[in-house]
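This briefing looks at how aromatic rings pair with one another and with charged side chains. Please keep the structure in view while reading.

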Amino acid sequence: MKIISLNEQYPQDWIRVITHIANLFFENSKVAKKEKEVDLDVRFTYETDADFTVRTTCELKDVASQAVFYTNHTQAYEEEGTEREQNIRLKRGVSYVLLEALEQLTDMHQKWGILTGIRPTKLYHKFRKAGMDKNEIREKLISEFRLSNEKIDLLEKIVDVQLKTIPDLDTIGNEVSIYIGIPFCPTKCAYCTFPAYAIQSNRKQGRVNTFLDGLHIELERMGQWLTERNMRITSVYWGGGTPTSIEADEMDELYDTMYKNFPHPETIREVTVEAGRPDTITSEKLAVLRKWGIDRISVNPQSYTDETLKAIGRHHTVQETIDKFWLARKEGMNNINMDLIIGLPNEGIPEFEHSLAESAKMLPESLTVHTLSFKRASEMTHNRDKYQVADRYTAEKMMQRAHEWTAEQGYTPYYLYRQKNILGNLENVGYSKPGEESIYNIVIMEEVQTIIGLGCGASSKFVDAKTGRITQHHNPKEPAAYILTYEEAIEKKIEILNEMYPSTENRE
Ligand code: SF4
């Protein structure tokens, strides 16, 4: 952590970006209140010339060593831009020079440059849709955002695959996707902040049944609205929690309600069910998935080291993951995703290599490689001292190995996102065999269409196809709160949908 003093009173949105950049190097950095002792003294200058060129400089002094670093940046723009755009340009300029100064101070190199957002591919698509070609986008990402060529190569590859997977990506805003959250798991993993409540105790308290009753009503009401508007559904994603933590007959009833009520079920391009926890998978549940034609599931090892699984509270063994994968295969699941996490406690390169070697024996259709992130509400973050995790250089090497290994095995990256407090300022990348990409993962990450969220903790994102404006609605995370409020939530979502899609026009 570093306390930073600045040469003038900057607006709050500037302080936010300055803090974000500092946090890439030193966790929990803060801009000083006047009287506080400071670690870094930072002075910016910034101006926009008559020809719209933005010039920024930074003088950064490390108070302890008295070392001083100077950086400057010049960025040309073709037009004056709105007041908001001008402010964004100046903030980018200030971020750029601060990043360079901190790199000199620490000797760290930030491959994502000044990009601290969750969706770098969305930015790439934005430039593409504005008519820029690959070279122009590359140049802009380097000169304005200071991205490395390595990360731009990755973005390029992903965008190409996305456009191949969903050729109508730019017009898919005419359709919607659906997310359904089942908020139960056998136990809670240490890094988890999802709505995941222990199924056993919730069942005893009667919450599982009442939650499911509410969810059936949500499925029916939303299905009715979609039918009235003649809306097409692109993809459905059952997440949570773990949607296979409920009983097989409960799953069966939910899918029955879904298919009876959703319009044009035969045109839904993909239905995924997260069967993330291997300890929830049974032949009976797989038979239900097969009965409803659901073939995309996730069986998530996270790691192939038993001690790690114990340390993060997964309460299942490596062998169970392997057995359940083969069981799912035997039962006809032909699109299986597996998640791995880089940087789990006590794991370094050998453990990750072992996970890759085990993955090679199964070769699932897709492999999502996450980097551990310290989410504010997780057990792991609250007790951080208890967990030994890899340093940023080791984490980077593991991610590099993931890139190499997946390429060797014939996978291509097809979606990517980043998170706050992610180890090594890295990323999460979804890799898949050609033609096995998850459509849902692409549409949610690129925010190209409305996603209607049903069930616990489900966020709805209503995307205005013309303006790109996003309105959000969040269902409560806790089953108890959901049971009391789901009817109101249905009405609220339908109200927003009615405003956004006033008629059935253009959806024939
Ligand atoms: S299985 Fe997934 S949703 Fe459930 S507790 Fe673990 S990380 Fe959270």
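Rings of Phe, Tyr and Trp (its six-membered ring) are taken to pair if their centres lie within 6.5 Å, and planes under 30 degrees apart count as stacked, over 60 as edge-to-face and the rest as tilted. On that basis, a search of the whole structure finds 18 aromatic pairs. The model is predicted, with local features needing pLDDT of at least 70, side-chain atom pairs counting only at pLDDT 80 or more, and totals for chains, interfaces and linings using all residues. Residues are numbered from 1 along each chain as its sequence is written, and side-chain values use heavy atoms, with hydrogens and water left out.

**An edge-to-face pair and its cluster**
- Tyr 10 and Phe 44 form an edge-to-face aromatic pair, with 6.0 Å from centre to centre and 80° between the planes.
- Because Tyr 10 lies in the loop between β1 (3–6) and α1 (12–25) and Phe 44 in strand β3 (residues 40–48), the pair ties together parts that are 34 residues apart in sequence; helices (H or I, at least four residues) and strands (E, at least two) are DSSP runs, numbered from the N terminus.
- Tyr 10 counts as buried at 6% relative accessibility, and Phe 44 is buried at 2%, where buried means under 20% relative accessible area, exposed over 50% and partly exposed in between (1.4 Å probe, protein chains only).
- Tyr 10 and Phe 44 belong to one aromatic cluster that also includes Trp 14 and Tyr 46.

**A stacked pair**
- The rings of Tyr 415 and Tyr 417 have centres 6.2 Å apart and planes at 15°, so the pair is stacked.
- Tyr 415 is buried, with a relative accessible area of 6%, and Tyr 417 is buried at 16%.

**Charges over rings**
- Arg 89 lies over the face of Tyr 77, at 4.0 Å from the ring centre, the criterion being NZ of Lys or CZ of Arg within 6 Å of the ring centre and within 35 degrees of the ring normal.
- Arg 146 lies over the face of Tyr 96, at 5.9 Å from the ring centre.
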